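Good morning, everyone, and thank you for making the time. Before I start talking, please take a moment with the sequence and the structure on the screen.

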Amino acid sequence: MGNRILISRTDSIGDVVLTLPLAVALKNLDPANQILFLGRGYTQPVIKSCPSVDEFYSVDELRSVDDWRRMRADIILHVFPKSALAAMAKKAGIPKRIGTSHRFYHWWTCTERLNLGRKNSDLHEAQLNLKLGAPLGLKAHFSLDEIRTMQVLRKPEVSEKVKSLLVPGKVNLILHPRSKGSAREWGLSNYSALIKMLPTENFHVMVSGTAQEGSMLREWIAGEKVTDITGKLSLPEFMQLISVSDALVAASTGPLHLAAALGIQALGIYAPMRPIHIGRWGPLGSKAMAFALDKNCSDCRKSGNCHCIREVEAARIADELLKIRK
């Protein structure tokens with residue numbers, strides 16, 4: 001008889017995708033384990049698309065200790081540490097509570113603490129997340145190649161609405177220029193340069209983003225030969241579109257990690273700076289690639305205006321996209 005294991009990761013989509021290998025590994029360790037996932041409500045479509053996750057709980061809906069007790073968790077893994085959640089897990093009486101020793105509140109809220117630091121680590125975020133499972137019997141280290149072979153997301157069924165956005169016979173490419181402040185951005189001028197390098201007879205280019213991002217991009221989109229899909233799809237529909245597109249280009253964002261996990265060509269653009277560099281946050285997938293300057297980016301560390309990421313040449317991205325054949 002397995003355990004009911006609650007994985008707590010209550011931040012954004014990209015972080016969630018890179019935590020799902022932990023769910024897969026724990027399910028593979030003992031198929032009788034019931035994997036519960038505590039996340040933010042808007043990430044539910046992503047988490048429920050993981051074949052190894054049995055139950056989803058929204059942190060936005062947990063109001064009381066009784067709500068926590070109704071999950072009947074035997075174990076909680078605090079992958080994204082939050083003091084309030086650690087306190088509630090203890091108050092709810094979850095028997096085994098695992099966190100890192102680097103959070104002072106874990107010393108009185110967790111039953112087991114790992115000496116696990118992230119900021120200066122050379123490991124990928126997904127590898128660091130998997131280390132939280134060591135007290136449950138997971139091996140000490142997973143290689144990136146092992147993680148890439150894990151099925152963290154199942155392919156969704158695709159609606160006719162989504163299918164209608166594709167152009168048969170062309171390379172269907174999604175560009176996701178904005179990041180909602182979660183990552184340094186490549187810049188619209190670079191996306192414009194990339195679009196000009198892709199022959200329109202071979203490429204159908206779509207620009208994605210939230211409705212708010214779309215309103216900010218409207219003038220730029222109007223000047224490009226692209227299809228505007230900003231704000232037009234729900235998250236499940238957007239995941240469907242990614243799954244049947246050929247490629248996606250973005251900075252270190254949720255859509256990039258979704259594309260990698262769904263097995264399409266995911267091209268990520270990064271600043272060469274710790275802790276936001278490729279080694280820590282690169283996309284993991286059989287067709288995923290990441291690009292950054294070969295230098296140590298330091299002069300713009302304290303500024304969101306990062307020239308290092310903008311200096312990644314559009315031609316490098318175009319060269320990879322032009323290899324796609326329909």
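Predicted model: local features only at pLDDT ≥ 70, side-chain atom pairs only at ≥ 80, totals over all residues.

**A walk through the model**

Let me begin with Ser121, which, if we set aside residues up to four places away in sequence, touches Leu128 and Arg274. Is Ser121 buried or exposed? With a relative accessibility of 15%, Ser121 counts as buried, because the cut-off for that class is under 20%.

From that loop I would like to move to helix H7 and to the charged side chains. The count of salt bridges comes to 18, and I will pick out a few of them. In one of these, Arg9 pairs with Glu125, and the closest N and O atoms are 3.0 Å apart. Arg9 belongs to the loop between strand S1, residues 4-8, and helix H1, residues 13-17, whereas Glu125 belongs to helix H7, so this pair ties together parts of the chain that are 116 residues apart in sequence. Both partners are buried, Arg9 with a relative accessible area of 3% and Glu125 at 2% relative accessibility. Which residues are linked with Arg9 and Glu125 in a network of salt bridges? The network also takes in Asp11, Asp15, Arg118 and Arg280.

Two further salt bridges have partners in another accessibility class. Glu146 and Lys139 meet through their side chains with an N to O distance of 2.5 Å; Glu146 is partly exposed, at a relative accessible area of 30%, and Lys139 also counts as partly exposed, at 39%. Glu185 and Arg178 likewise form a salt bridge, here at 3.0 Å from N to O, and they too are partly exposed, Glu185 with a relative accessibility of 24% and Arg178 with a relative accessible area of 22%.

Let me turn now to the strands, starting with S4, residues 75-78. In general, the side chains of a regular strand alternate between the two faces of the sheet. In S4 both faces are covered, with Ile75 and Leu77 on one side and Ile76 and His78 on the other, and all of these residues are buried. Strand S1 runs parallel to S4, and 4 bridges join the two; within this pairing, Leu6 has Ile76 as its bridge partner in S4. S4 is also joined to strand S5, residues 96-100, by 3 bridges, and this pair is parallel as well. If you follow the chain from S4 through helix H5, residues 83-91, and on to S5, you trace a right-handed β-α-β unit.

There is also an open sheet of 6 strands, with parallel pairing, whose order is S9-S8-S7-S10-S11-S12. Which strands stand at the edges? They are S9, residues 227-228, and S12, and each has a single partner strand, so one side of each is left without a neighbour in the sheet. Further in, strand S10, residues 247-250, runs parallel to strand S11, residues 265-269, with 4 bridges between them, and Leu248 stands opposite Ala266 in S11.

Leaving out neighbours within four places in sequence, the contacts of Met289 are Gln265, Ala266, Leu267, Gly268, Pro283 and Glu320. As for Glu320, its C-alpha atom is separated by 9.3 Å from that of Met289, although the two residues are 31 apart along the chain.

What makes up the nonpolar patch of about 420 Å²? Phe104, Trp107 and Trp108 do. Trp107, which lies in helix H6, residues 106-109, is exposed, with a relative accessible area of 52%.

That is where I would like to stop, and I am happy to take questions.

How values were computed. Residues numbered from 1 in each chain as written. Heavy atoms only, no water. Patch = residues over 30% accessible without salt bridge, like charges linked within 9 Å, V, L, I, M, F, W, Y side chains within 5 Å. Areas by Shrake-Rupley, 256 points an atom, 1.4 Å probe, with all protein chains shown as cover. Salt bridge = Lys/Arg side-chain N within 4 Å of Asp/Glu carboxyl O. Buried < 20%, exposed > 50% of the residue type's maximum accessible area, 1.4 Å probe, protein only. Contact = heavy atoms within 4.5 Å. Pairing = 2+ DSSP bridges. Right-handed = clockwise from strand over helix to strand, strands pointing away.
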